[in-house]
Amino acid sequence: MKAVIFDLDGVITDTAEYHFLAWKHIAEQIDIPFDKGVNESLKGISREESLESILILGGAETKYTNAEKQELMHQKNQYYQTLISKLMPKDLLPGIGRLLCELKGENIKIGLASSSRNAPEILKRLEIIDDFHAIVDPTALANGKPDPEIFLTAAALLGVSPADCAAIEDAEAGISAIKSAGMFAVGVGHEQSMLGADLVVRNTCDLTLELLNEEWEQYKIKSF
Ligand code: BG6
Ligand code: MG
């Protein structure tokens, strides 16, 4: 294992909850029911695709002009940015700070593959941006998760072959993207929603370099 590539929202910090609150705020304004179940299917998905999914759900896919959709996304992002403006280093999810230290200690490269345009701002607020050797710019990609492009781009930026990378995700679309990229996939969450992952942990506090190395060895033996 020469590199570990992280998703951000729901893996490094609990901003998945903030995306939920911000979309709920917008959905209520336009009278579309929105709950955690619906939100689950939006995890890892871009802002544009998330709005389209919400509008389809509410039977309102043709109701808004492009300019109106832009305005809804702008409002969602403003609400979201108010929430992330309060993030601090203590808002790292449990175990993530320790894992970053362990990876740095072993000279394992660290990358970020987040679909969020707010990712650099969040890493700065958490005071971990300097730990990352590569941060993919999602606006430069042709395809979002579950396409593997974001993880393959991260590996290329790190100068590491995909076969030597592990990647960590909390979303189904993300796990599919990691597997299509030919990487070792680590899921954080419930076993049922992490189908295809090579290793599933219930919480980020279970993510240690020792566990990743052990499971990596097993995975490499099985892959031969
Ligand atoms: C992903 C989140 O990381 O980023 C999605 O899981 C979100 O919920 C997407 O829609 C885009 O984020 P942003 O900050 O660019 O709107
Ligand atoms: Mg996520």
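Predicted model: local features only at pLDDT ≥ 70, side-chain atom pairs only at ≥ 80, totals over all residues.
Contact between two residues means here that heavy atoms of the one lie within 4.5 Å of heavy atoms of the other.

Six strands form an open sheet, in which the order is S3-S2-S1-S4-S5-S6 and the pairing is parallel. Strand S3 (134-135) and strand S6 (199-201) stand at the edges, and because each has a single partner strand, one side of each is left without a neighbour in the sheet. In general, the strands of a sheet pair through backbone hydrogen bonds, and the pairing may be either parallel or antiparallel. Strand S1 and strand S2 (residues 109-112) run parallel and are joined by four bridges, and phenylalanine 6 is the residue that stands opposite leucine 112 in S2. Helices also pack on this sheet, among them H5 (residues 96-105), which touches S1, S2 and S4 and whose direction makes about 150 degrees with that of S1. Helix H8 (residues 172-180) likewise packs on the sheet, where it touches S4 and strand S5 (184-188), and its direction makes about 170 degrees with that of S5.

In an unreviewed UniProt entry, the annotation "binding site" covers Asp7, Asp9, Glu169 and Asp170. These residues are spread over 164 residues of sequence, yet they cluster in space, with a largest C-alpha distance of 8.8 Å. Of the annotated residues, Asp7, Asp9 and Asp170 are included in the lining of the largest cavity.

Aspartate 7 is found in the loop between strand S1 (3-6) and helix H1 (15-29). Its relative accessibility is 5%, and because a residue under 20% is classed as buried, aspartate 7 counts as buried. When neighbours within four places in sequence are left aside, the contacts of aspartate 7 include Leu112, Ala113 and Ser114, as well as the annotated residues Glu169 and Asp170. Lysine 145 is also in contact with aspartate 7, and the side chains of these two residues are joined by a polar contact of 3.1 Å.

Glutamate 169 belongs to strand S4 (residues 165-169), and at 1% relative accessibility this residue also counts as buried. Again leaving aside neighbours within four places in sequence, glutamate 169 is in contact with Asp7, Val11, Lys145, Phe151, Gly174, Ile175, Ile178, Val186, Gly187, Val188 and Met194.

Technical notes: Residues numbered from 1 in each chain as written. Chains lettered and ligands numbered in written order. Heavy atoms only, no water. UniProt positions renumbered as here; feature names shortened; annotations may be inferred. 1 Å grid on protein atoms, 1.4 Å probe; cavity = no way out; pocket = protein on both sides within 12 Å on 5 of 7 lines; lining within 4 Å. Helix = DSSP H or I, 4+ residues; strand = E, 2+ residues; numbered from the N terminus. Buried < 20%, exposed > 50% of the residue type's maximum accessible area, 1.4 Å probe, protein only. Polar contact = N/O pair within 3.5 Å; in protein donor to acceptor, adjacent residues only side chain to side chain. Pairing = 2+ DSSP bridges. Axes fitted to C-alpha atoms, helices over the stretch in contact; angles between N-to-C directions.
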